[in-house]
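Hi there,

Here is the structure I promised to pass on to you. Have a look at it first, and then read on for what I found in it.

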Amino acid sequence: MKDPSRTNQELTKEVSALKQQIIKLEQSESGHKKAEDELRRSEDKYRTLVETTGTGFVIIDKDGLVLDANLEYVRLTGHHDLSEIVGRSVIEWTADSEKGKNSAAIKATLEKGYTRNLEIDYVDSKGNITPIEINATSMEIEGKIQTITICRDITERKRVEEELLESESKFRALAESSSSAIFLIQGTKYIYINPAFESIIGYTMEDLADMNFWDFTHPDMRELIRSRGLDRISRGIDRISRGIDRIKGQDPPSRYEIKFIAKNGQVKWVDYSATVVELNNKPTIMGSTFDITERKRAEEELLESEERFRAFMDNMPGMVIIKDKESRPLFFNQKFSNMFPANEWLGKIPEETFPSEIAGSMRENDLKALSEGFVSYEEEWHDKNDCLRVLETRKFSINQKNKAPVLGVIITDITSRKQAEEEKRILQERLQHADKMEAIGTLAGGIAHDFNNLLMGIQGYASLALLELDPSHPNYERLKRIEAQVQSGADLTRQLLGFARGGRYEVKTADMNDILEKSSSMFGRTKKEITIHRKYAKDLFTVEVDRGQMEQVFMNLYVNAWQAMRGGGEIYLETENVLLNDEQAFPYAVKPGNYIRISMTDTGTGMDEKTRERIFDPFFTTKEMGRGTGLGLATVYGIIKGHNGFINVDSSPGHGTT
């Protein structure tokens, strides 16, 4: 560093290189520490796993001396601490009669690398004998051959095996005297059947020597049995340790109802219960069978009866429900299920499926039907598609022998009938209104003609008198006022004649869009506070009308709308082509065919139903006395009817008028 021949640049490079080496050393030290921590955690996991398995683990050297063990193995030796057995030979705890077997096993493990399922007896420090099963594996650990041995206490298994051996001698005596049909199958062969089984199928054990399970199984049942794994079990494919567990991912049922063909050809239904055991080191199906032929016959008859009942109910003209005394639906026919969510209501009390008010009313009617025997009423429900339905509901009590009564409910959808009744009522009202307007129009027309003749007479006499008077004469001005009043009377008669459908003249082909546009534009220029919106059909039909009368119609409607919007508002005009069929045209007493529809909507105060029903009546007005004649809308009605049209009005208070 102090060499004067070295430059600052060289010194800088050397310092940088030293820094890099220092960093690498620090990283290396950090890596070693991390690896040590990971190893320590791994060892802790290993120790925890080994200590909590409930199985003895021991590591021995090639001479059979204990190097390490878990607490379960320490317990098997009768000690309490690992330090008491480390360095001692595992032969010490082997029963005297088993020492040779254990020594040979250690030697064999070193030679082959493993030992499997060796059973020996251990004698602990207190002299207690424990049968254990040993599985050992030899491997090289840190340059030395060591053997890892797993020791499992099989005391309980041995006890069970002894009890099983003892029970086998009792099995035959019990089976022979049992009224239940008992059998044993290995592969597909019956190796034992008791007398009760013989009585069901008619075959003896000698007959079955040349037969297998499938020979007298009914063909209809073979696929079912295979799908449930019995065939696989009978062929011994599944290990006994698993039995019939987890076939096709599910626990198969331990009981089957299957059909056998008896020796005499008769078909027998049997309740077939089976399980898998180990017998003479072979997988064996052991089970029992009960003859249920009569029960199945009764069930089939009941099923046929239920099918007939359901078919009858499904073909009923109405919807059918059966409820228990707690108002729980027990049955819905198909017509009800098609219209309402029956599956959501089945078996539930009303309070579980409906709001409290509806549930209370339903329960009240149910109780009334149960107590009085019958109840009938009309109600409204929304169906699956949220359409409102009018229903006629009849409920009646059904008594059952030795059981509580149930409730029968028959529901008829009368929506169409109610709609027809309402349409009939509306039609009658419209026809009555049309007759009334026709009569009023005839009367108004006659009065208008007679009144017009009187006015013409007055006009004539006034004109003659004026010809003889000088304009300076005091009566001259009075006669001129009489002429003006006569003219006002004539205007009134023209309105009456318009209502009475008289006075149609100068009928020409016209474009209603053009008439609407010009009349609304003229009105809009005079009423700046009104905004007019227009939506005209481009291909609107042409019609034959009196243009002057049509303009009068629209001006009357504009004025009427303006008077309903004192502070200003909006008018919406729309035209469109429509085709009326016979059903649509009939209520309005017009011919079916092509029409144009003119819609005029205002944002005014609207009107109530009572007012709406009278707006076309002559001389009816909602204005103050002296502010109107009540002939404006009556004239509109008369002119439209005179042109073979009709008018509909839609209005409600606060929502304007169309």
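**A buried asparagine**

Asn365 has a relative accessible area of 16%, and because anything under 20% counts as buried, this residue is buried. You will find Asn365 in helix α13, which covers residues 356-372. Beyond its neighbours within four places in sequence, Asn365 is in contact with Val375, Tyr377 and Lys395.

**The whole protein**

Please keep in mind that this is a predicted model. The protein has 658 residues, and 36% of them are buried. It holds 20 helices and 20 strands. Of the contacts between residues at least 6 apart in sequence, 50% join residues that are at least 24 apart. The protein exposes about 40,600 Å², with carbon and sulfur atoms supplying 52% of that area.

In which order do the 5 strands of the antiparallel open sheet lie? The order is β2-β1-β5-β4-β3. Strands β2 (66-69) and β3 (114-123) stand at the edges with a single partner strand each, so one side of each has no neighbour in the sheet. From one strand to the next, the twist averages 30°.

Inside this sheet, β1 (residues 56-61) and β5 (residues 144-153) run antiparallel and are joined by 6 bridges. To see one of these pairings, pick out Gly56, whose bridge partner in β5 is Cys151.

Helix α3 (residues 99-112) packs on it and touches β1, β3, β4 (129-141) and β5; the direction of α3 makes about 160° with that of β3. Helix α4 (residues 155-177) lies across β3, β4 and β5, and runs at about 130° to β4.

Is Lys144 buried or exposed? Its relative accessibility is 58%, so Lys144 counts as exposed. Lys144 and Lys62 are 82 residues apart in sequence, yet their C-alpha atoms are 8.7 Å apart in space.

**The sheet of three strands**

Another open sheet has 3 strands in the order β17-β19-β20, and its pairing is mixed. Here β17 (530-535) and β20 (593-602) are the edge strands; each has a single partner strand, so one side of each is left without a neighbour in the sheet. Neighbouring strands are turned by 20° against each other on average, direction ignored.

Strands β17 and β19 (residues 569-580) run parallel, with 6 bridges between them. For an example, Ile532 has Ile571 as its bridge partner in β19. Helix α16 (residues 512-526) lies across β17, β19 and β20 at about 165° to β17. Helix α17 (residues 547-563) also lies across β17, β19 and β20, and runs at about 30° to β20.

**Salt bridges**

How many salt bridges are there? The count comes to 38. Let me walk you through a few.

- Glu163 and Arg159 meet through their side chains, with 2.3 Å from N to O. They are 4 residues apart in helix α4, which means that about one helical turn separates them. Glu163 is partly exposed at 41% relative accessible area, and Arg159 is partly exposed at 34%.
- Arg295 forms a salt bridge with Glu257, and the closest N and O atoms are 2.4 Å apart. Arg295 lies in helix α9 (residues 293-314) and Glu257 in strand β8 (residues 255-261), so this pair ties together parts that are 38 residues apart in sequence.
- Lys268 and Asp291 meet at 3.8 Å, N to O. This pair links strand β9 (residues 267-279), where Lys268 sits, to strand β10 (residues 282-291), which holds Asp291. Lys268 is buried at 11% relative accessibility, whereas Asp291 is partly exposed at 41%.

There is also a network of salt bridges that links Glu119, Glu133, Arg152, Arg157, Lys158 and Glu161.

Which residues make the nonpolar surface patch of about 410 Å²? They are Tyr461, Leu464 and Leu467. Tyr461 is found in helix α14 (residues 415-467), and at 64% relative accessibility it counts as exposed.

Enjoy exploring it!

Best wishes

Terms used:
Residues are numbered from 1 along each chain as its sequence is written. This is a predicted model: local features need pLDDT of at least 70, side-chain atom pairs count only at pLDDT 80 or more; totals for chains, interfaces and linings use all residues. Side-chain values use heavy atoms; hydrogens and water are left out. Helices (H or I, at least four residues) and strands (E, at least two) are DSSP runs, numbered from the N terminus. Buried means under 20% relative accessible area, exposed over 50%, partly exposed in between (1.4 Å probe, protein chains only). Contact means heavy atoms within 4.5 Å. Accessible areas come from the Shrake-Rupley method with a 1.4 Å probe; for residues, only the protein chains shown count as cover. Two strands pair if DSSP finds at least two bridges between them. Axes are lines fitted to C-alpha atoms, for helices over the stretch in contact, and angles run from 0 to 180 degrees between N-to-C directions. Patches are made of residues with over 30% relative accessible area and no salt bridge: like charges are joined within 9 Å, nonpolar side chains (Val, Leu, Ile, Met, Phe, Trp, Tyr) within 5 Å. A salt bridge is a side-chain nitrogen of Lys or Arg within 4 Å of a carboxyl oxygen of Asp or Glu.
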